[in-house]
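The following note sets out, point by point, what may be read from the model shown below. Please consider each point alongside the sequence and the coordinates.

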Amino acid sequence: MKSDSDVKRQPMDMPMARVPQGEVHVIIERCKECGFCLEYCPTKVLVYSPKINTKGYHYPIVADGKESACVHCRYCDLICPELAIYTTLVEDEAGEGDDDKAAGKTVGPETDQ
Ligand code: SF4
Ligand code: SF4
């Protein structure tokens with residue numbers, strides 16, 4: 001007799017499920033380098049830029065190889081105390097959010113160290 005753990009269950013519409021893709025936008029000059037967005041991103045999309053903004057803070061950028069990893073969960077947007085980061089849904093030609101368009105935009109002038 002099979003136990004409950006032997007029975008694999010999944011939603012009937014699982015094959016139709018689409019994971020959304022987000023595009024990350026950072027308003028560089030607002031960032032205070034608190035690190036909340038890096039810490040709470042479930043897919044670890046973000047790392048600190050080696051560059052700093054005009055206030056001297058390292059701001060988040062999309063990590064190499066993670067350009068398509070943002071799932072537009074918006075945790076970073078919700079948790080940022082400075083309203084310095086947000087994401088937008090990347091839509092495919094059918095108008096659904098799930099394609100491989102480039103992600104990882106930053107907004108505002110970058111400042112060299
Ligand atoms: S929206 Fe979610 S997955 Fe995308 S960068 Fe923010 S926390 Fe990470
Ligand atoms: S949560 Fe906001 S202020 Fe903190 S590091 Fe991320 S973008 Fe910068």
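1. Pro42 and its surroundings. Pro42 sits in the loop between H1 and S2; helices (H or I, at least four residues) and strands (E, at least two) are DSSP runs numbered from the N terminus. Pro42 is classed as exposed because it has 11 C-beta neighbours inside 10 Å. The classes are buried for 20 or more other C-beta atoms within 10 Å of a residue's own, exposed for 12 or fewer, and partly exposed in between, with C-beta atoms placed from the backbone. Leaving aside residues up to four places away in sequence, Pro42 touches Cys73 and Tyr75, where contact requires C-beta atoms, placed from the backbone, within 7 Å. Pro42 and Cys73 are 31 residues apart along the chain, and their C-alpha atoms are separated by 8.6 Å.

2. Basis of the model. This is a predicted model, in which local features need pLDDT of at least 70, side-chain atom pairs count only at pLDDT 80 or more, and totals for chains, interfaces and linings use all residues. Residues are numbered from 1 along each chain as its sequence is written, while chains are lettered from A and ligands numbered from 1 in the order in which they are written.

3. Confidence. The mean pLDDT of the chain is 85, and 75% of its residues reach 70 or more; pLDDT is the predictor's confidence in each residue, from 0 to 100. Over residues 98-103 pLDDT stays under 50, and for this segment the model has 19 contacts beyond four places in sequence.

4. Overall organisation. The chain contains two helices and five strands, which run β-α-β-β-α-β-β from the N terminus on. Of its 113 residues, 23% are buried. Among contacts between residues at least 6 apart in sequence, 74% join residues at least 24 apart.

5. Nonpolar core. The largest nonpolar core has 16 residues, and those with the most contacts inside it are Val24, Val26, Cys37, Val45, Leu46, Cys76 and Ile85. Such a core is a set of buried Ala, Val, Leu, Ile, Met, Phe, Trp, Tyr and Cys residues joined through C-beta atoms within 7 Å. S1 and S3 each supply at least two residues of this core, and S3 gives the most, with three residues. Beyond four places in sequence, Ile85 touches Val24, His25, Val26, Cys37, Pro60, Cys76, Asp77 and Cys80.

6. Ligand 1. The shell around ligand 1 consists of 15 residues, the closest being Cys41, Cys70, Cys73, Tyr75 and Cys76; a residue is near a molecule if its C-beta atom, placed from the backbone, lies within 6 Å of it. Strand S1 (22-27) and helix H2 (75-79) each contribute at least two residues to this shell. By class, the shell has ten nonpolar, four polar and one charged residues. Ala, Val, Leu, Ile, Met, Phe, Trp, Tyr, Cys and Pro count as nonpolar, Asp, Glu, Lys and Arg as charged, and the others, Gly among them, as polar.

7. Ligand 2. Around ligand 2 there are 13 residues, of which Cys31, Cys34, Cys37, Cys80 and Ala84 are the closest. Helix H1 (36-40) and strand S3 (58-62) each supply at least two residues of this shell. Its composition by class is nine nonpolar, one polar and three charged residues.

8. Most residues other than glycine have a negative phi. Lys44 lies in the loop between H1 and strand S2 (46-52) and is exposed because 12 other C-beta atoms lie within 10 Å. Arg74 is found in the loop between S3 and H2; with 14 C-beta neighbours inside 10 Å, Arg74 counts as partly exposed.

9. Is Glu23 buried or exposed? Glu23, in strand S1, counts as buried because it has 20 C-beta neighbours inside 10 Å. The C-alpha atoms of Glu23 and Tyr86, 63 residues apart along the chain, are separated by 8.4 Å. Glu91 lies in the loop between strand S4 (85-89) and strand S5 (105-107) and is partly exposed, with 14 C-beta neighbours inside 10 Å. Its C-alpha atom is separated by 7.9 Å from that of Gln21, 70 residues apart along the chain.

Technical notes:
Two residues are in contact if their C-beta atoms, placed from the backbone, lie within 7 Å.
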